[in-house]
Each structure stands twice: as structure tokens, then as C-alpha cells.
Amino acid sequence: MFDGIQKAVFQTSESLYGDVVTWIPSNNSSKQIEKVLYNSPNDPVNLGEQDKYVYRPYNYSIEYFEGQLSGLKESVDNGNEEFIEINGIKLVVREVRTKADGKTYIAFGEKVEDD
């Protein structure tokens with residue numbers, strides 16, 4: 001019962017607050033498009049002097065539920081370089097963690113700068 005309620009709450013949150021992410025797996029399998037919860041860095045980090053700020057590149061993250069972005073965690077865990085795009089921002093996924101519930105994943109990424 002709890003699992004069904006958990007999934008319903010997560011899906012409702014995604015539909016209200018989510019953003020669309022696109023992932024084309026590095027193994028050239030089918031493109032996956034999902035609605036996820038997106039967190040981008042918007043709080044600057046003070047590095048020494050009061051008037052100098054930079055963003056931490058690993059502050060980008062997406063949160064998604066099991067069954068979404070199938071294979072992303074496994075691919076990143078195996079050392080593959082995976083890229084996602086969300087809100088016009090391209091990210092390289094550096095790590096995917098499983099939350100304590102075992103059904104929710106958080107993928108941490110670093111913004112890919114245009115050359």
C-alpha cells in the first residue's frame with residue numbers, strides 16, 4: 001500500500017513541478033524522455049573574498065522514480081559518460097544515488113560548457 005501511495009505522490013509532484021529531461025544512452029539505445037524533478041544551482045558559493053562567487057558545478061541534479069531513465073544508474077556506475085538535457089542545459093551525469101527508499105534516484109550532473 002505504501003509503495004502505491006509513494007508512487008502517486010511522486011508522480012503528482014512531477015506533474016506539478018517537474019521538467020522534461022532527455023537522455024540518449026551512450027550505448028545508442030532508444031532515447032528516453034521523462035518528466036523529473038530538477039534542481040539547478042542558484043545559490044552562489046562564497047570563495048574567500050566577499051565579492052567573489054562561483055557556482056558549484058555538481059549542484060545540478062534530477063530526481064526520478066524507479067522505471068524512469070532505465071539503465072542510467074547502471075551505466076554511470078559502470079563508468080560510462082552519460083549526458084542529459086533539461087531546460088536547454090546539457091549536463092554530464094557524474095553520479096546517480098539511490099535514496100533510502102530504494103525507489104527514488106538522484107542523478108548529479110555538471111553543466112557542459114559550449115566551446
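Started with the side chain of glutamine 32: one of its polar atoms sits 2.9 Å from the backbone nitrogen of serine 70. I count that as a polar contact (a pair of N or O atoms within 3.5 Å; within protein, one must be able to donate a hydrogen and the other to accept it, and residues adjacent in sequence count only if both atoms are side-chain atoms).

Note on the source: this is a predicted model, where local features need pLDDT of at least 70 and side-chain atom pairs pLDDT 80 or more, while totals for chains, interfaces and linings use all residues. Numbering runs from 1 along each chain as its sequence is written, and side-chain values use heavy atoms, with hydrogens and water left out.

Next, I looked up where glutamine 32 is: in strand E2, residues 32-39. Helices (H or I, at least four residues) and strands (E, at least two) are DSSP runs, numbered from the N terminus. Is glutamine 32 buried or exposed? Buried, at a relative accessible area of 17%; the cut-offs are under 20% for buried, over 50% for exposed and partly exposed in between (1.4 Å probe, protein chains only).

Then I listed what glutamine 32 touches, leaving aside neighbours within four places in sequence: Val21, Thr22, Trp23, Pro25, Gln68, Leu69 and Ser70. Contact here is heavy atoms within 4.5 Å.

Leucine 69, on that list, got its own check. Its phi is near 45°, positive in a residue other than glycine. I found leucine 69 in the loop between strand E5 (60-65) and helix H2 (72-77), buried at 1% relative accessibility.

Asparagine 28 also has a positive phi, about 65°, and is not a glycine. This one is in the loop between strand E1 (19-23) and E2, and counts as exposed at 69% relative accessibility.

Of its 18 residues, Ile62, Tyr64, Leu69, Leu72 and Val96 touch the most other members. At least two residues each come from E1, E2, E5, H2, strand E6 (82-86), strand E7 (89-98) and strand E8 (104-111). E7 gives the largest share, 4 residues.

Last, the whole protein chain. I get 2 helices and 8 strands, in the order α-β-β-β-β-β-α-β-β-β from the N terminus. Buried residues are 33% of the 115. Of the contacts between residues at least 6 apart in sequence, 50% join residues at least 24 apart.

Methods: Core = buried A, V, L, I, M, F, W, Y, C linked by side-chain atoms within 4.5 Å.
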